[in-house]
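Subject: Structure for your review

Dear colleague,

Please find below the structure that I am passing on to you. My notes on it follow directly after.

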Amino acid sequence: MSHSDSDALPTVPFATFLEKIVLGSGRLFAWSYVALIAVILLQVVLRYGFNHGMVLLEELQWHLYAIGVMFGVSYAQVTNSHIRVDLLHNTLSARARHLWEVFGIVFLLFPFIYVVFDTSLPFVYDSWRINETSASPTGLSYRWLIKSVIPLSFALLFLSSLARLIRTIAALRRG
């Protein structure tokens with residue numbers, strides 16, 4: 001995506017602080033993909049080399065992938081590397097693009113984040129309360145741990161979106 005220099009968002013210290021939290025978390029959770037590759041390779045060797053696949057490794061693959069994706073969304077928001085539809089966006093002036101961005105964050109993204117976050121809390125709480133484990137006897141314990149990724153990752157998405165909103169409003173005020 002290449003927009004003109006007039007689209008560049010100004011530096012705002014509080015937004016930068018929020019983005020540093022998200023970027024640091026993103027770099028940390030990106031390691032889940034390294035672990036995921038190792039687990040996939042191990043599972044393939046065990047299954048096809050020794051005819052002995054493991055349910056535990058299959059579930060671990062799902063969990064590692066979920067961690068990477070869920071926390072990766074907030075990282076993509078900060079780095080502006082998420083997918084967007086630019087057909088209409090590119091025809092607008094810089095001010096109109098900023099206004100559209102504010103509209104999208106406030107009226108579409110924030111409500112979505114709230115609904116998912118709020119809905120996930122009882123879901124995670126119940127999982128913690130009963131110490132939920134895998135339905136498979138040989139699967140992973142502590143299913144509540146992976147379910148906790150949902151509200152945590154959406155809290156990070158909120159921080160990254162708030163930083164983007166602050167920078168976009170600053171750009172509008174700048175002129």
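Asn131 is partly exposed, at a relative accessible area of 41%; here buried means under 20% relative accessible area, exposed over 50%, and partly exposed in between, with a 1.4 Å probe and protein chains only. This residue sits in the loop between α5 and α6 (143-147), where helices (H or I, at least four residues) are DSSP runs, numbered from the N terminus. Although Asn131 is not a glycine, its phi is positive, at about 50 degrees. Most residues other than glycine have a negative phi. Tyr142, in the loop between α5 and α6, also has a positive phi, near 60 degrees, and counts as partly exposed at 49% relative accessibility.

This is a predicted model: local features need pLDDT of at least 70, side-chain atom pairs count only at pLDDT 80 or more, and totals for chains, interfaces and linings use all residues. Residues are numbered from 1 along each chain as its sequence is written, and side-chain values use heavy atoms, with hydrogens and water left out.

Helix α2

Helix α2 (residues 31-50) comprises 20 residues and spans 28 Å from its first C-alpha to its last, close to the 28 Å expected at 1.5 Å a residue (the expected span is 1.5 Å times one less than the number of residues). Its buried residues are Ser32, Leu36, Val39, Gln43 and Leu46. Viewed down the axis of α2, these fall within an arc of 100 degrees, so they line one face of the helix; the arc is that of the directions from the helix axis to the C-beta atoms. The face turned away from this buried side carries the exposed residues Trp31, Ile37, Leu41, Tyr48 and Gly49. Among the elements that cover the buried residues of α2 are α1 (13-29) and α3 (55-79), contact being heavy atoms within 4.5 Å. Just after α2, Asn51 adopts a positive phi of about 55 degrees.

Salt bridges

The structure holds six salt bridges, each defined as a side-chain nitrogen of Lys or Arg within 4 Å of a carboxyl oxygen of Asp or Glu. In one of them, Glu19 pairs with Arg167, with the closest N and O atoms 2.6 Å apart. Glu19 belongs to helix α1 and Arg167 to helix α7 (residues 149-174), so the pair ties together parts that are 148 residues apart in sequence. Glu19 is buried at 12% relative accessibility, and Arg167 is buried at 10%.

Glu58 and Arg47 also meet in a salt bridge (2.6 Å, N to O). Glu58 lies in helix α3 and Arg47 in helix α2, so this pair ties together parts that are 11 residues apart in sequence. Glu58 is partly exposed at 28% relative accessibility, as is Arg47 at 32%.

A further salt bridge joins the side chains of Glu101 and Arg164 (2.9 Å, N to O). It links distant parts of the chain, with Glu101 in helix α5 and Arg164 in helix α7, 63 residues apart. Glu101 is buried at 11% relative accessible area, and Arg164 is buried at 14%.

A buried glutamate

Glu59 is placed in helix α3 and is buried, with a relative accessible area of 5%. Not counting residues up to four places away in sequence, Glu59 touches Ser134, Ser136, Gly139, Leu140 and Arg143.

Kind regards

Definitions and conventions. Helix = DSSP H or I, 4+ residues; strand = E, 2+ residues; numbered from the N terminus.
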